[in-house]
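Q: I have a structure open and would like to go through it slowly with you. Could we start once it is on the screen?

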Amino acid sequence: MTKVSIVTHTGCDMNMEEIHGLSARMVSDLVVFEDKTYLNMVEIMPPEFFAKMKNSSSVTSSHFPVGDMLKAMKEASAEAEEVLCLLITSKMSGCYSTAVVASQLFRRNAGNSRVYIYDTAQCSHGMAIMVREAARMAAQGLSAAEIITELDKMKKRIGVYFVLDSLKYARKGGRVGTVKMLTADLLGIKPLMVFDEGVVSDIGIARSMSEGMNSVADKVGEELDPSYEITVFHGDCPERAARLADMLAARFPETEIRIEYIGPVIGIFAGPGTVGAAFMKKNAD
């Protein structure tokens, strides 16, 4: 029996194959198109999600059911002394509170089994960085408390910058006002965004997607710890992602770069054409 088993959910936008390779478990969030519900990363994958999104009048997402998380906790506890669940930022989702309910139900039936619920204060590929590091530390034999201590340090070092192709989808999700959306899209302005302290904020504008991608590359270039890999992520625009990856590779030839899709958790609001990067910042200490 191992010391710690890692459980997460599809808010991290990792695929099931990678999760299984990390000896972790991932619970599916729900994606709803009109009146049909899909299990994220099981019944619908990112390319299909974006294809449907472009032609759908209604798309929403919902966090995993309590029962699904409870099942994952039971399975994980059969293999480890402790279970550590990593959740999307509680400032954007009810995932954290739902996982807490699941842990309470689990403890009620399992007695002394130890389950820890951890708010990553991140989502998508910023959260994925933390999941990978947690799994790596679990494989090294660290306890849940030791892993949590290291994750707390990591929170301040994760950088996530991205540029939106349009504010259309953010408006549908209630993240921006109609006037702001119309003004930006009519002028061809591309909003620059940052994910920090559990929330998404705009930090500027670009007059074109190329200018926006340059701004993202500049931000990464200023803050990156090159000993960690960079994740370039995109909303169904692999060519843009490849260009951004090339820009970063030219600046940091020794740094590994992966290219990944974003999923429904932020894809619903960011929309197709979004491109950005998640990375580890230099240690300020």
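Q: Which residue in β4 is the bridge partner of V31?
A: The bridge partner of V31 in β4 is Y38. Before going on, please note that this is a predicted model, in which local features need pLDDT of at least 70 and side-chain atom pairs count only at pLDDT 80 or more, while totals for chains, interfaces and linings use all residues. Residues are numbered from 1 along each chain as its sequence is written, and side-chain values use heavy atoms, with hydrogens and water left out.

Q: How many bridges join β3 and β4, and in which sense do they pair?
A: Strand β3, which covers residues 30-33, pairs with β4 in the antiparallel sense over four bridges; two strands count as paired if DSSP finds at least two bridges between them.

Q: What is the strand order in the sheet?
A: The order is β4-β3-β5 in an open sheet of three strands, with antiparallel pairing. Because β4 (36-39) and β5 (59-62) each have a single partner strand, they stand at the edges, and one side of each is left without a neighbour in the sheet. Direction ignored, neighbouring strands of this sheet are turned by 25 degrees against each other on average.

Q: Which helix lies across those strands?
A: That is helix α2, made of residues 46-54, which lies across β3, β4 and β5 and runs at about 30 degrees to β3. For such angles, axes are lines fitted to C-alpha atoms, for helices over the stretch in contact, and the angles run from 0 to 180 degrees between N-to-C directions.

Q: Let's turn to rings: how many aromatic pairs are there?
A: The count comes to six aromatic pairs, where rings of Phe, Tyr and Trp (its six-membered ring) pair if their centres lie within 6.5 Å, and planes under 30 degrees apart count as stacked, over 60 as edge-to-face and the rest as tilted. One of them joins F33 and Y38, and it is edge-to-face because the planes are at 80 degrees, with the ring centres 6.2 Å apart.

Q: Why is the pair of F33 and F49 called tilted?
A: The planes of F33 and F49 are at 55 degrees, with the centres 5.9 Å apart, so the pair is tilted. This pair links distant parts of the chain, since F33 is in strand β3 and F49 is in helix α2, 16 residues apart.

Q: Are those two buried or exposed?
A: Both F33 and F49 are buried, and buried here means under 20% relative accessible area, with exposed over 50% and partly exposed in between (1.4 Å probe, protein chains only).

Q: Which residues do the ring pairs link into a cluster?
A: The cluster holds F33, Y38, F49, F50 and Y261.

Q: New topic: where is N40, and what does it touch?
A: N40 is in the loop between β4 and α2, and it counts as buried at 2% relative accessibility. Leaving aside residues up to four places away in sequence, N40 touches T10, S28, D29, V31 and P264, where contact means heavy atoms within 4.5 Å.

Q: Which of its contacts is polar, side chain to side chain?
A: The side chain of N40 makes a polar contact with the side chain of T10 at 3.2 Å. A polar contact is a pair of N or O atoms within 3.5 Å; within protein, one must be able to donate a hydrogen and the other to accept it, and residues adjacent in sequence count only if both atoms are side-chain atoms.

Q: What is phi for M41?
A: Phi of M41 is near 65 degrees, a positive value in a residue other than glycine. M41 is found in the loop between β4 and α2 and, at 7% relative accessibility, counts as buried.

Q: Last one: how many disulfides are there?
A: The structure holds zero disulfides, a disulfide being a pair of cysteine sulfur atoms within 2.5 Å. C12 is in no disulfide, and the nearest cysteine sulfur, that of C123, is 10 Å away.

Methods. Helices (H or I, at least four residues) and strands (E, at least two) are DSSP runs, numbered from the N terminus.
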